[in-house]
Amino acid sequence: MERLGGFGNGKLMASIIPVLFGLLGVVLTNLPFSVLSGIVPAPMYALMPIYYWCLVRPDLMSPVWAFLIGIAHDMISGEPPGIWAAAFVATYAVIDKQRDAFAGLSGFGAILGFATAALVTCASHYVIYCFYRWQFLPVTNEIKEFAVTSILYIPVVVVLASVHRRFVGPLRSEF
């Protein structure tokens, strides 16, 4: 009995790690203090594992997990429920639709691929939040968040790739 209905311990652990990194990203994004004294907004750390594992192992980071990570982001950040969740699911849909193009990128192109996903997330969040408030809001905070998130993806992707190679990859199960 090597397989337990296709969802053995290895598969379970491999599934938990990407989601835990997404939730850790939510917590890091919403810490009540700022390293740069609030000059720039906190980056969207939660988007980074969603993007990474959506490309590398979409079976482990499904749209449902992206939605739940977004709901957690909404709840912790104090925004109305569903705004970040909808932005993350919209970004997931774009990544999923263009997976071959994004996965084929390397080096600086890979950073630009993530920047595209971050741009989709920020634009989705901005549009949805403007509809929710029923007014045009200043866009400067979204631009700053996009820039900071895109730059900080570089060190974070090194960590995510290392975790994937050491923990998630060896736990791969055969279907």
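## Terms and model

A crossing of two helices is called left-handed if the near helix is turned anticlockwise from the far one by less than a right angle, and right-handed if clockwise. The helices themselves are DSSP runs (H or I, at least four residues; strands are E, at least two), numbered from the N terminus.

This is a predicted model, in which local features need pLDDT of at least 70 and side-chain atom pairs count only at pLDDT 80 or more, while totals for chains, interfaces and linings use all residues. Residues are numbered from 1 along each chain as its sequence is written, and side-chain values use heavy atoms, with hydrogens and water left out.

## Helix 2, an enclosed element

Let's begin with helix 2 (residues 47-56). Of its 10 residues, 9 are buried, so helix 2 is largely enclosed by the rest of the structure. Buried here means under 20% relative accessible area, exposed means over 50%, and partly exposed lies in between (1.4 Å probe, protein chains only). The buried residues of helix 2 run through Leu 47, Met 48, Pro 49, Ile 50, Tyr 51, Tyr 52, Trp 53, Cys 54 and Leu 55.

## Helix 2 against helix 4

Helix 2 packs on helix 4 at an angle of about 25 degrees, and their axes are 10 Å apart. Axes are lines fitted to C-alpha atoms, for helices over the stretch in contact, and angles run from 0 to 180 degrees between N-to-C directions. That makes helix 2 roughly parallel to helix 4; the cut-offs are under 35 degrees for roughly parallel, over 145 for roughly antiparallel, 65 to 115 for roughly perpendicular, and oblique for the rest. The crossing of this pair, helix 2 and helix 4, is right-handed.

From helix 2, Leu 47, Ile 50, Tyr 51, Cys 54 and Leu 55 meet Phe 88, Thr 91, Tyr 92, Ile 95 and Asp 96 of helix 4, where contact means heavy atoms within 4.5 Å. By class, this contact of helix 2 with helix 4 has 8 nonpolar, 1 polar and 1 charged residues. Ala, Val, Leu, Ile, Met, Phe, Trp, Tyr, Cys and Pro count as nonpolar, Asp, Glu, Lys and Arg as charged, and the others, Gly among them, as polar.

Thr 91 sits in helix 4 (residues 83-97), and its 1% relative accessibility is why Thr 91 counts as buried. Leaving aside neighbours within four places in sequence, Thr 91 is in contact with Leu 47, Ala 117, Val 120 and Thr 121.

## Helix 2 against helix 7

Helix 2 and helix 7 pack at about 50 degrees, with axes 9 Å apart. That makes helix 2 oblique to helix 7. Here, too, is a handedness to note: helix 2 passes helix 7 in a right-handed crossing. The contact of helix 2 with helix 7 has 14 nonpolar, 2 polar and no charged residues.

## The end of helix 6

Tyr 132 lies in helix 6 (residues 108-133) and is exposed, with a relative accessible area of 53%. Not counting residues up to four places away in sequence, Tyr 132 touches Pro 80 and Ile 83. Tyr 132 and Pro 80 are 52 residues apart in sequence and 8.7 Å apart in space, C-alpha to C-alpha.

Trp 134 is found in the loop between helix 6 and helix 7 (140-168). Trp 134 is exposed as well, with a relative accessible area of 69%. Most residues other than glycine have a negative phi. Trp 134 has a positive phi of about 55 degrees although it is not a glycine.
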